[in-house]
Amino acid sequence: MSEPARSDAPAVRARGPEAALAVLLQAIATLVILDSLRVGVGWADDGPRSGYFPFIVGVLLLASATWILVSQLRRWRADRSEFAERAQLRQVMSMAVPITLYVGAIAVVGLYLASIALIAWFMLRHGRYRVLSTAAVSVGVPLLAFLVFERWFLVPLPKGPVEALLGF
Amino acid sequence: MQELVDLANGFSVALTLPNLGFIAIGIVLGVLIGVLPGLGGANGVAILLPLTFSMNPTSAIIMLSCIYWGALFGGAITSILFNIPGEPWSVATTFDGHPMAQQGRAAQALTAAFTSSFVGALFAVLLITFTAPLLARFALKFGPAEFFAVQLLTFCSFVGMSKEPPAKTLAAMMLGFALAAVGMDSVTGQLRMTYGVPELLKGFDFLIAVIGLFGIGEILLTMEEGLAFKGRSAKITLGVVLRTWKELLAHWVLFLRSTLIGCWMGITPGGATPASFMSYGMARRMSKHPEEFGKGRLEGVVAPETAAHAAGTAALLPMLTLGIPGSPTAAVLLGGLLIWGLQPGPMLFVEQKDFVWGLIASMYLGNVVGLIVVLTTVPWWAAILRIPFAVIAPVIIVICAIGAYTVHSSMFDVVLMLVFGVLGYLFKKLKYPLAPLVLALVLGDMAEASFRQAMLLSSGSLGIFWSNPLVGSLTTLALLLLVWPLVGRARAAFGKGGGPGKRPVGLGG
């Protein structure tokens, strides 16, 4: 996060993420305003141009994000509110990182194999399940998804090279 | 009494065998969604929406709305037995529900919760039955300016009534509007804010946003607690049900008050969650034994559950009649209507009578079926909750990914879901409200269209929003609600001696 990591620090304060999110919103607002100016914020012969409404939205977003940022900066030193404890953030990261890898893996090997890996990882690593029950759940859930979506509702899910080899 | 004839027709639509089946499936899925963390009414419906594309719209909305009722029921189970609110609107139910379970009165608490939910919903459906046609007829006369004024009122009341800081509510809402504007402008055909990325041509789909914000975001949030479910078990017997019902009869004033709070908060986009807290607070203040609240009072379960269910149901009234949803879940249902090619709003009551009245009839049936299902199957749901989070969490992530992918069969959407998930976590942690973001994303195009049409009519003069008494009073009311937080803040600043201000208006977390 925004502070140097010290192992004895009890919690991450909210002020860093708070300011960062406000800056991110300001950046988005700037993108909205710039593009609205590009397509035109005024009037054409047939009425308001495409940028008319988004421009107002962009300005209001910029204003509210700036308001949040300024009021955060004004009480920067006094603000001791906590974002989360470090142990909690570690927990969150132990979930966020696998999800990110999972989404990446879906693009490469398809949803089925990626799901098997994700469920197996959590059950073995966090649940300390035996291999047999892990295998049953991690294969069973994607198999059920296959039956429900591909067979009954005829909705195709992302597949990779392995499924192609099997002829799907 | 045209309404009763229409309603009878509606029952003949809803009472067909396939539709009764969809009601039952919807309720069971809904309770499951309500019980599991990370899956809620809004994103549960969003995930299942693609499965209904091939169904006929009436059956589809019956099933989806029943998922919603089921989720409302399900939230109470986890709150009472496990002290874990499965849904944000059942947080207030934990205050007295869990202490009751600890004292061995779990069955009584659950019966009270389910019955209250049922009563709250029933009153709200009655309200919809008799006021929705009137409101729709009234709204038929609306022009673009009136529609925009109603939308303005919706969004301004978010800023004015939200318990989150107004700047953050505004920022979340404007982010929603900005995301809604991305892609092709439907009026001029011009591309907006795509910055050369071809995936953005279609714009941001609110279903993906809902799945990410509420699904992945919620999982990340739950992970913080490193959840270990430790709960009580309960079995509801007929004797307990009858005894509790007898006891509940004495609380009819409480029911009435909670229902009124719920209906009001549901129609105005306050939503079920603030309604449940408000109702709990009122019940405690008006009770003869306020000190016993929080230690296991039956009223402490009745008040929030009645209000939450009434609000959740009443949220469909503005959605059906005006096309303006009162809650995120209603917003998702509205998105479903658009996908099935139905334009929500007053014309729906003229052109799609079967659909509207079938839906309203299914609300009665769904809540009856829901009450029976939850009363009889509580032990099973409690057993599901004993499955450790290490199994539940990855399975829910898989379900979210499938849901996000199936909306457009697009891998880009799965990545977007992840981005929205992280955003949802940050928003929750930093106390930005999610509902205005979702509603703005859903309503963005409609709000923009009515705004532009109004501007066209008046050649760009804002005076059109005060051009007749109706639109004028709507606009003025909206602006009053918008500045309400400022009034509260001024009062707090100038009148420090005069007691604490009711509404904390400080900015920032």
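**A walk through chains A and B**

Chain A is divided into domain 1 (12-83) and domain 2 (86-166), with bounds that come from an automatic or database domain assignment. The centres of these two domains, taken over C-alpha atoms, are separated by 37 Å. Please keep in mind that this is a predicted model, where local features need pLDDT of at least 70, side-chain atom pairs count only at pLDDT 80 or more, and totals for chains, interfaces and linings use all residues. Residues are numbered from 1 along each chain as its sequence is written, while chains are lettered from A and ligands numbered from 1 in the order in which they are written.

Now let us see where the chains meet. In chain B, 51 residues are in contact with 58 residues of chain A (contact: C-beta atoms, placed from the backbone, within 7 Å). Helices H8 (166-181), H9 (206-224), H18 (389-408), H19 (411-429) and H20 (435-457) of chain B each supply at least two residues of the side that touches chain A; helices here are DSSP runs of H or I, at least four residues, numbered from the N terminus. The largest share of that side, eleven residues, comes from H18(B).

Finally, look inside. The largest nonpolar core has 230 residues (buried Ala, Val, Leu, Ile, Met, Phe, Trp, Tyr and Cys joined through C-beta atoms within 7 Å; buried means 20 or more other C-beta atoms within 10 Å of a residue's own). Leu61(A), Leu110(B), Ala171(B), Val210(B) and Val438(B) touch the most other members. H4(B) gives the largest share of this core, 17 residues. Both domains of chain A give residues to this core, so it lies between them.

Notes: Two residues are in contact if their C-beta atoms, placed from the backbone, lie within 7 Å. A residue is buried if 20 or more other C-beta atoms lie within 10 Å of its own, exposed if 12 or fewer, and partly exposed in between; C-beta atoms are placed from the backbone.
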